[in-house]
Amino acid sequence: MTLVLASQSASRRAMLDAAGISYEAIPAYLDERGLEANLDGSPAELIALALAEAKALAVGAERPDALVLGSDSLVAVDGRRFDKPESREQAAEHLRFFSGKEMQLFSAAALVRGDKVLWSHVALARLHVRELGEQFIADYLSHEWPAVAGCVGVFRIEARGVQLFSAIEGDHFTVLGMPLLAVLGGLRELGELQA
């Protein structure tokens, strides 16, 4: 199997590495914000899935010989979607908004060959954000910025981001940014991994 990961995400690469899956990483270059704007008003899980499929299809057009894995994550809090913060100040604003609320994290994945989506899946994790004080937010960002600039939800669960939450419901891999167990199942369904 020639698997291509349509991502530069260190977290997604680490998951595949740890699972013993061989792959090549080729980032997908597409206008994610433009695609999201076209889907405005759609549920967050459908937008996450559309982005995962679009990434895989973009790379699949370049590598029609390969099976391409696209993945994307979206965060919604109180019905509002959040993208990666564009600045440290915006990251602090996001954290203030998340304080004391439930964060819904949708992680989607799609497997594509050429221009055909062969498999897709969306998983949901519910992360309960504790009440965050101003001093905590400032200290947190002094340690985690700019590492969390590329993270929806402004956290890395494998780092200090774990301190944001009082409880987490959902799969660990989904929280990391890709529903790995489902992806492995999809690869088995397609005959790309041993049953």
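In strand E7, Glu169 is the bridge partner of Arg126. Helices (H or I, at least four residues) and strands (E, at least two) are DSSP runs, numbered from the N terminus. The model is predicted: local features need pLDDT of at least 70, side-chain atom pairs count only at pLDDT 80 or more, and totals for chains, interfaces and linings use all residues. Residues are numbered from 1 along each chain as its sequence is written, and side-chain values use heavy atoms, with hydrogens and water left out.

E7 spans residues 165-169 and pairs with E6 in the antiparallel sense over 4 bridges. Two strands pair if DSSP finds at least two bridges between them. E6 (residues 116-129) also pairs with E5 (residues 102-113), again antiparallel, over 12 bridges. Here Val122 of E6 is the bridge partner of Ala108. The hairpin of E5 and E6 has 2 residues between the strands, and Gly114 takes a positive phi near 65°.

E5 pairs in turn with E3, in the antiparallel sense, over 11 bridges. Val112 in E5 is the bridge partner of Val68. E3 also pairs with E1 (residues 3-5), in the parallel sense, over 3 bridges. In this pairing Leu5 stands opposite Leu69. With E4 (residues 80-82), E3 forms 3 antiparallel bridges. Phe82 of E4 is the bridge partner of Val75. In the hairpin of E3 and E4, Asp78 takes a positive phi near 50°.

Strand E3 (residues 67-77) is largely enclosed by the rest of the structure, because 11 of its 11 residues are buried. Buried means under 20% relative accessible area (1.4 Å probe, protein chains only). Leu67, Leu69, Ser71, Ser73, Val75 and Val77 point one way, and Val68, Gly70, Asp72, Leu74 and Ala76 the other.

Methods: Buried means under 20% relative accessible area, exposed over 50%, partly exposed in between (1.4 Å probe, protein chains only).
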